[in-house]
Amino acid sequence: MFFSKKSKPKNVCVLLDSGTSRVLARGSSDSPPEGRNIQLTVFEGDILAVVNADSVQIVPADENLHPKLGHAIQRKGDLVVLEVLRDLVGNEVRENLRMPVDFETYLYPTGGKEGRWIAQGNDLSCGGISFYSDAPLNSGELVEVVIPITRTAPLLLTCQILRTRPEEGSTFYAAKFIDILNEQESMIREAVFTVQLLTHQRSRR
């Protein structure tokens with residue numbers, strides 16, 4: 001579903017199954033989701049899955065608002081009321097928002113070095129990325145990586161290599177993002193949510 005600038009939904013939240021961290025739906029609220037009960041109009045996804053879930057993670061698009069754990073207590077049409085159980089703190093949400101990806105991208109050395117390497121994305125989260133590449137990288141090293149699936153222009157982010165694992169014909173790298181801006185994290189979060197939601201919708205057909 002697409003919205004014009006005039007009708008763009010406000011106070012958007014993404015709803016995830018708390019057990020699997022699978023994206024279930026997206027909805028909007030007339031007021032910021034800060035109360036004991038949150039009323040959302042679901043405009044994308046599976047509202048029945050939200051209602052049937054034991055509990056859901058309620059993740060506001062606004063990174064200044066805390067994610068919450070809740071469950072559905074009422075539903076009428078595309079409107080659902082969620083009772084908030086508690087705030088989610090730290091990396092409870094961020095670490096679970098990891099999705100498999102399959103895109104070719106590029107790595108660039110830092111520190112004034114020139115050149116680039118080709119990489120194949122493996123999975124992506126708001127906190128980092130894993131990929132396969134022939135690049136000669138070591139744990140602790142910094143490298144810039146292109147994230148090509150965000151809604152507008154691709155992002156160029158600095159990441160630190162956490163661990164490596166030799167594979168047949170390539171090397172597996174796991175890395176975390178360094179000094180990522182709130183706006184950049186929001187763009188990655190939206191990309192992760194969108195791909196997860198589309199994947200879930202296709203699996204139900």
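Which residues of the largest nonpolar core touch the most other members?

Good morning. The structure above is a predicted model, in which local features need a pLDDT of at least 70, side-chain atom pairs count only at pLDDT 80 or more, and totals for chains, interfaces and linings use all residues. Residues are numbered from 1 along each chain as its sequence is written, and side-chain values use heavy atoms, with hydrogens and water left out.

Let me begin with confidence. The pLDDT is the predictor's confidence in each residue, from 0 to 100. The protein averages 84, and 87% of the residues score at least 70. Over residues 1-6, however, the pLDDT is below 50, and this stretch has four contacts in the model beyond near neighbours in sequence. A contact here means heavy atoms within 4.5 Å. Where pLDDT is low, the predicted coordinates should not be read in detail.

I turn to the overall composition. The protein has two helices and 13 strands. Both are DSSP runs numbered from the N terminus: helices are H or I with at least four residues, and strands are E with at least two. Of the 205 residues, 45% count as buried. Buried means under 20% relative accessible area, exposed means over 50%, and partly exposed lies in between, with a 1.4 Å probe and protein chains only.

Next, the barrel. Six strands form a closed barrel in the order β1-β2-β3-β6-β5-β4, with antiparallel pairing. Two strands pair if DSSP finds at least two bridges between them. Strands β3 (residues 37-45) and β6 (residues 79-87) are paired over five bridges, and Leu-40 has Val-80 in β6 as its bridge partner. Between β5 and β6, which run antiparallel, there are eight bridges; Lys-76 is partnered there by Leu-79 of β6. The hairpin of these two strands, β5 and β6, has two residues between the strands, and its Gly-77 takes a positive phi near 65°. Strand β4 (residues 56-60) is joined to β5 (residues 68-76) by three bridges, and Ile-58 stands opposite Lys-68 in β5.

Is Asp-17 buried or exposed? Asp-17 is buried, because its relative accessible area is 17%. Not counting residues up to four places away in sequence, Asp-17 touches Arg-22, Leu-24, Ala-53 and Ser-55.

I now return to my opening question. A nonpolar core is a set of buried Ala, Val, Leu, Ile, Met, Phe, Trp, Tyr and Cys residues joined through side-chain atoms within 4.5 Å. The largest has 24 residues, of which Leu-124, Phe-131 and Phe-177 touch the most other members. At least two residues each come from β9 (117-125), β10 (128-133), β11 (142-147), β12 (155-167), β13 (170-177) and α2 (182-203). The largest share, four residues, is that of β12. A second, separate core of 17 residues includes Ala-25, Leu-40, Val-50 and Leu-82.

Finally, consider Asp-179, in the loop between β13 and α2. Its phi is near 55°, a positive value in a residue other than glycine. Most residues other than glycine have a negative phi. Asp-179 counts as exposed because its relative accessible area is 73%. Thank you for your attention.
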